[in-house]
Amino acid sequence: MWYKQEIRKVLFMEIFVSKKTKGIKSQIANLVAIANLDGNFSVAEKKLIFELGEKNGLSNDRVKEIIRSEEPIKFKAPENDSLRFDRVYECVQMVLTEDDNEDQKIDFCTELAIKLGIRMAVAGVLVKKIVDGIKTNKSHETLKKESADFLSF
């Protein structure tokens, strides 16, 4: 009967998981998908995912669970443009950790941006702007401010 207690505990915990936590779990699952596009989940990609998890209040154990999970994590779109930008930025960061299959991964980021609620007409331009900005060492905040033309924060 121990398993019934475990099931109750999991259900109880899921009820009290915050919207932010659900959103970051969804984002980490998306980043894992990007990392796996080339069939090689590199150390640099894992490091970035763990850093983002920690930055957003997830334990390393929870991040490991998300990475290892074969169960799909329900997609959770951010509730505002500022968070949408952050999620796209993180996606691009993941793409740029390695040089291989960059175009395919950038296309994935553009599709994700659309799924996050960014207009189709703007998504590709926004992703390109973030790629170029990261490659020229612009800060996250600078890129966010420059992207205000595309989004209304």
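The protein chain has eight helices and zero strands; helices here are DSSP runs of H or I with at least four residues, strands are runs of E with at least two, and both are numbered from the N terminus. This is a predicted model, where local features need pLDDT of at least 70, side-chain atom pairs count only at pLDDT 80 or more, and totals for chains, interfaces and linings use all residues. Residues are numbered from 1 along each chain as its sequence is written, and side-chain values use heavy atoms, with hydrogens and water left out.

Along the sequence the pattern reads α-α-α-α-α-α-α-α. Of the 153 residues in the chain, 39% are buried. Buried means under 20% relative accessible area, exposed means over 50%, and partly exposed is in between, with a 1.4 Å probe and protein chains only. Now contacts, meaning heavy atoms within 4.5 Å. Among contacts with a separation of 6 or more, 70% join residues 24 or more positions apart.

Let me start with helix 3. Helix 3 covers residues 43-55, which is 13 residues, and spans 18 Å from its first C-alpha to its last, close to the 18 Å expected at 1.5 Å a residue. The expected span is 1.5 Å times one less than the number of residues. Which residues of helix 3 are buried? They are E45, L48, I49, F50, L52 and G53. An α-helix has 3.6 residues a turn, so residues three or four places apart point the same way. After helix 3 comes G57, with a positive phi near 85°.

Next, the partner of helix 3. The axes of helix 3 and helix 5 come within 9 Å and cross at roughly 155°. Axes are lines fitted to C-alpha atoms, for helices over the stretch in contact, and the angles run from 0 to 180 degrees between N-to-C directions. Helix 3 and helix 5 are therefore roughly antiparallel; under 35 degrees counts as roughly parallel, over 145 as roughly antiparallel, 65 to 115 as roughly perpendicular, and the rest as oblique. On the helix 3 side the contact uses E45, L48, I49, L52 and K55, and on the helix 5 side E90, Q93 and M94. By class, that is four nonpolar, one polar and three charged residues. Nonpolar covers Ala, Val, Leu, Ile, Met, Phe, Trp, Tyr, Cys and Pro; charged covers Asp, Glu, Lys and Arg; the others, Gly among them, are polar.

Helix 5 also packs on helix 6, with axes that come within 9 Å and cross at roughly 170°. That makes helix 5 roughly antiparallel to helix 6. Here V88, C91, V92 and V95 of helix 5 meet E102, K105, I106, C109, L112 and A113 of helix 6. This contact has eight nonpolar, no polar and two charged residues.

On to helix 6 (residues 102-115) and helix 7 (residues 120-135), which pack at about 130° with axes 9 Å apart. Are they parallel or oblique? Helix 6 and helix 7 are oblique to each other. E102, I106, C109, T110, A113 and I114 of helix 6 meet M120, A123, G124, V127, V131 and K135 of helix 7. The classes are eight nonpolar, two polar and two charged.

Last, a loop residue. F75 sits between helix 4 (60-68) and helix 5 (81-95). F75 counts as partly exposed because its relative accessibility is 25%. Beyond neighbours within four places in sequence, F75 contacts S26, N30, L112, K115 and L116. F75 and K115 are 40 residues apart in sequence, and their C-alpha atoms are 9.3 Å apart.
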